[in-house]
Amino acid sequence: MEQDLDSLEIAEQKRAALAYLTEAWDEAVAEGIDTDIMAHAALFAALSDLIFTYGEDAVADLTVSLPDRVRRGEFSLQRTIQ
């Protein structure tokens, strides 16, 4: 039961974090910042924070799985059903 509560709390924090990031993203785009520049800045910020917390080796291990996850559509908001 406690694990379920922890999972729910983490899921809620993830939703809140995404809402904050989406709001900041939209504001930056409205100010004329290109979405490609925003994406690169967001990736840099995320990776550098993870490296600060977990170290370069752990983050390198994490990023190894990204190509397959991207290909599976885990980061796609609009998915095409084939």
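The predictor's confidence in each residue is called pLDDT, and it runs from 0 to 100. Because this is a predicted model, local features need pLDDT of at least 70 and side-chain atom pairs count only at pLDDT 80 or more, while totals for chains, interfaces and linings use all residues. Residues are numbered from 1 along each chain as its sequence is written, and side-chain values use heavy atoms, with hydrogens and water left out.

The protein chain has a mean pLDDT of 91, and 90% of its residues reach 70 or more. Among its elements, α1 has the lowest mean pLDDT (90), whereas helix α3 (residues 56-64) has the highest (97). Helices (H or I, at least four residues) and strands (E, at least two) are DSSP runs, numbered from the N terminus.

Charged side chains come next. The structure holds four salt bridges, a salt bridge being a side-chain nitrogen of Lys or Arg within 4 Å of a carboxyl oxygen of Asp or Glu. One of them joins the side chains of Glu12 and Arg15 (3.2 Å, N to O). Both residues lie in helix α1, three residues apart, which is about one turn of the helix. Glu12 counts as partly exposed because its relative accessibility is 44%, and Arg15 counts as exposed at 51%. In these terms, buried means under 20% relative accessible area, exposed over 50%, and partly exposed in between (1.4 Å probe, protein chains only).

Glu74 takes part in a salt bridge with Arg69 (2.8 Å, N to O) and in another with Arg72, where the closest N and O atoms are 2.6 Å apart. Arg72, with 56%, is exposed.

A negative surface patch is formed by Glu23, Asp26, Glu27 and Glu31. Patches are made of residues with over 30% relative accessible area and no salt bridge, with like charges joined within 9 Å and nonpolar side chains (Val, Leu, Ile, Met, Phe, Trp, Tyr) within 5 Å. Asp and Glu count as negative and Lys and Arg as positive, while His and the chain ends are not counted. Glu31 is exposed because its relative accessible area is 70%.

Note on methods
Areas by Shrake-Rupley, 256 points an atom, 1.4 Å probe, with all protein chains shown as cover. Charge placed at Lys NZ, Arg CZ, Asp CG, Glu CD.
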